[in-house]
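Here is a short briefing on a protein model with more than one topic to cover. Look at the structure first, then read the points below.

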Amino acid sequence: MIKGDYSTSLLSMRGITKSFAGVKALKGVDLDVRAGEVHCVLGQNGAGKSTLIKVLSGAYQPDGGEIAWNGETVTIPDPVAALELGVATMYQELDVVDGLTITENIYLGHELSTAGVLHRVAANRRTRELLTRLGHGDLNPNREVGTLSAAGKQIVSMARALSHDAKLIIMDEPSAVLDSEEVNNLFRVIHELTEQGIAIVYISHRLEEIRQIGDRITVLKDGASMASGLAVADTPTPELIRLMTGRTIEHVFPSRRPVPADAPVLLEVEGLALRGVFSEVDFTVRAGEVVGLAGLVGSGRSEILETIYGARKATAGTVSVAGSKLRAGSVRHAVNAGIGLSPEERKSQGLLLEEPVYKNVTLATFARYARISVLDERRERSVAREQIDALELRPADPDRTTRNLSGGNQQKILLARWVVEGSRVLLLDEPTRGVDVGARSEIYALIRRLADAGNAIVVVSSEIEEVLGLADRLLVIAEGRVLTTTDSDSIDEHGVLDLVMKGTAA
Amino acid sequence: MSETTTTPAPSGPGESQPNVFRRFLAGSAGRNLGLVIALVLIVIVGAITGGERFLDLGNFVTIVRYGSILGVVAIGMTFVITAGGIDLSVGSLMGLTSVVASLSWVQTAATETTWVLMVVVAIAVGGLAGFINGIVIAYGKVVPFIATLAMLVAARGLAEIFANKSTQVVNVTGFLQFFRGDLLGIPWLIWIFVLAAVVGWFLLARTTYGRRTIAIGGNYEASRLAGLKVKRHTVSLYVLSGLAAGIAGVMILARTNAGTSTHGQLYELDAIAAVVVGGTLLVGGRGTIVGTVLGVLIFSALTNIFTMNNLNISTQQVIKGVIIVVAVLLQQRFAARSSRT
């Protein structure tokens with residue numbers, strides 16, 4: 001590896017390698033970050049982004065390669081060393097303590113104190129300064145962090161990084177938990193940080209975002225850097241996708257077939273309400289149809305799905321599947337009637353992460369294959385293997401531990417679960433959250449295929465573009481009310497956003 | 001994805017040798033390997049310090065018989081812990097069930113010919129108490145630690161009221177002959193333990209009941225959203241644990257030929273220790289009956305060696321405490337290694 005000129009770089013990583021139990025997660029990654037820039041790291045799941053971050057934040061030790069900080073070679077033996085160097089990390093699962101105040105969170109581990117007695121006033125004053133630097137001087141330092149939104153927690157996490165005098169902040173998919181308004185705010189804060197000379201390493205797979213905020217890009221694929229330090233402005237999107245996936249992607253959304261007028265109504269929701277969350281939700285979904293629910297985070301979209309499914313007990317209204325009414329608040333009844341839910345939080349609500357793939361595929365059906373209650377694991381494996389082939393799940397191994405699969409493949413497991421159960425109504429909550437670009441279009445195609453096979457599908461997504469691209473019809477939701485129901489061809493992204501904003505203001 | 005790859009599918013009957021070996025190590029055998037090694041080491045220590053006396057076949061029977069009562073309780077406990085719960089009431093339930101059983105004799109409800117009734121009553125009381133635990137936990141949404149702690153206190157008190165704080169001697173010859181007798185030279189107490197272990201292993205590893213238990217312990221919410229009857233199943237787990245405590249109550253009654261409210265004290269802690277040392281995760285989602293049985297045997301072999309070397313009870317307790325920590329530390333290392341492959 002040719003040694004580059006480090007003088008212009010704040011951070012320079014060269015030829016970083018890292019293996020786990022013989023599997024090479026990083027096969028020689030280069031990353032150069034300059035002070036005051038937003039450097040995006042782009043790559044599909046499994047490309048090595050998280051491993052790279054963990055090497056940089058001191059959580060993992062690299063097997064080979066060199067790290068230079070301000071031109072000097074350094075080692076980062078642990079996270080404390082990283083902080084001392086000036087590298088702070090904002091993880092996707094924010095590591096803030098809900099029960100503590102903003103100040104207590106910011107100074108956690110490096111409290112301002114004399115002989116163990118805390119300087120509360122000084123700490124609060126400095127916290128206010130830090131928050132002001134981030135453009136959020138209005139936040140009360142004594143507020144409990146648990147009462148903040150995800151966006152607020154990110155601000156706290158960033159303030160903590162600043163309190164450590166960070167020169168470089170790593171942000172791991174910060175926009176994943178934010179709605180569009182909050183994302184804009186985040187970008188403003190990032191801009192203020194870079195103005196102060198702080199470098200940001202921004203991990204994301206949303207290309208539009210990277211275009212908006214990034215200065216330069218490093219693209220990872222299969223543990224190697226495909227391109228280092230490309231200028232965002234000079235790199236067209238198709239080129240980025242090609243670097244990430246090794247192939248070109250043309251049609252992201254599969255084409256829609258018109259739903260025949262005589263297709264039977266599979267799901268009928270009438271006057272559904274959940275006190276304090278949403279009310280008067282009416283819609284029907286026919287066989288072969290995809291209906292999308294569009295709205296901001298907190299508009300009640302996920303709750304609507306969960307109530308249809310019986311995971312929450314409706315306070316009014318009815319849900320019918322193929323004409324027969326469901327008992328309110330009974331998941332069991334909904335499943336037996338043919339509804340399947342792919343929940344919003346795939347990991348915490350959907351999967352047994354430590355179990356093999358096949359047990360997750362058959363979680364709703366294992367009893368069916370059993371004989372007098374004795375499990376038939378061979379049958380379960382073969383059922384799972386059929387789905388693995390049909391849905392192109394990778395790796396194609398029913399015995400692989402589910403935790404080790406990418407987000408897209410974990411999503412396929414959930415779809416497979418309900419396909420084998422024989423569900424005809426699929427409720428998909430954020431089906432592409434944490435799924436990278438290449439795999440997204442695969443999921444879209446899969447959803448469309450399931451619809452074409454005669455299933456009724458309801459999709460919830462915070463990405464309006466996704467709902468528009470997938471759904472035949474659209475329900476626009478704000479503050480627990482359905483604002484409008486429309487064909488998705490007769491409205492565009494701006495139209496939906498307009499409605500949502502007006503609806504929220506009203 | 002591409003037609004050029006020619007790698008054959010890695011599964012099928014023609015698996016290579018090292019792969020089989022690695023699977024063996026990564027599987028339950030590998031996880032239990034540490035325990036087997038520990039048990040072998042303990043036997044070696046026993047042989048060195050106790051010599052012939054320890055290595056005598058009769059002594060091995062003594063060791064297993066000593067562990068059999070704890071073993072039955074620990075097998076019930078394995079199910080509860082695998083599902084992410086805990087049952088602190090089992091020791092008290094042993095006391096309660098032994099008292100109820102002995103009372104049914106004293107009150108002549110059970111006679112010389114119908115002593116089986118005594119056994120049935122004891123087990124039923126255990127199951128009923130477990131049912132109450134389960135209802136409070138699953139439907140009342142009280143955390144298992146608190147719910148079963150309350151049962152621990154209440155059951156002990158109830159046993160004292162029933163027994164009037166006195167020991168009820170049971171001299172039913174049929175009952176005692178049966179439970180103190182043996183089959184093929186092996187005491188019935190051991191057979192009960194073996195039976196419980198085999199049934200428990202089968203139930204946990206091979207049936208839909210076991211799959212539900214592991215699923216609920218691994219991810220309660222995901223299990224609920226997949227349509228499993230999580231509440232009903234939770235109740236059944238505590239009933240199972242209560243039934244096991246009832247059986248253990250009968251066993252201790254037979255061994256001591258007396259029912260008293262102080263029976264089974266601290267058995268809950270020994271059972272939890274054996275389960276955890278055996279490799280069942282305290283957070284749930286992974287459980288092994290084979291591990292639990294090995295855990296029980298380790299503790300019972302240790303007690304045997306201690307007694308043989310005339311160590312006093314206090315010293316024994318200190319050593320046991322150290323061993324629990326060391327065993328769990330080793331277990332974690334083994335688990336980490338086998339899960340990474």
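The contact between the chains takes 19 residues from chain B and 23 residues from chain A. Two residues are in contact if their C-beta atoms, placed from the backbone, lie within 7 Å. This is a predicted model: local features need pLDDT of at least 70, side-chain atom pairs count only at pLDDT 80 or more, and totals for chains, interfaces and linings use all residues. Residues are numbered from 1 along each chain as its sequence is written, while chains are lettered from A and ligands numbered from 1 in the order in which they are written.

**Where the chains meet**

- On the side of chain B that touches chain A, helix H10 (208-218) and helix H11 (220-225) of chain B are the elements that give two or more residues.
- Helices (H or I, at least four residues) and strands (E, at least two) are DSSP runs, numbered from the N terminus.
- H10(B) supplies the largest share of this side, 5 residues.
- This side of chain B has 5 nonpolar, 7 polar and 7 charged residues.
- Ala, Val, Leu, Ile, Met, Phe, Trp, Tyr, Cys and Pro count as nonpolar, Asp, Glu, Lys and Arg as charged, and the others, Gly among them, as polar.

**The nonpolar cores**

- The largest nonpolar core has 176 residues.
- A nonpolar core is a set of buried Ala, Val, Leu, Ile, Met, Phe, Trp, Tyr and Cys residues joined through C-beta atoms within 7 Å.
- A residue is buried if 20 or more other C-beta atoms lie within 10 Å of its own, exposed if 12 or fewer, and partly exposed in between; C-beta atoms are placed from the backbone.
- A:Ile447, B:Val72 and B:Val73 have the most contacts inside the largest core.
- Helix H12 (residues 230-256) of chain B gives the most to this core, 16 residues.
- Domain 3 and domain 4 of chain A each give this core at least three residues.
- Beyond its neighbours within four places in sequence, B:Val72 is in contact with residues including B:Ile192, B:Phe193 and B:Met251.
- A second, separate core has 64 residues, among them A:Leu56 and A:Leu131.

**Chain A as a whole**

- The domain assignment, automatic or from a database, gives domain 1 (1-86 + 167-250), domain 2 (94-164), domain 3 (257-338 + 425-506) and domain 4 (350-422).
- The C-alpha centres of domain 2 and domain 4 of chain A lie 43 Å apart.
- Chain A has 18 helices and 22 strands.
- Of its 506 residues, 47% count as buried.
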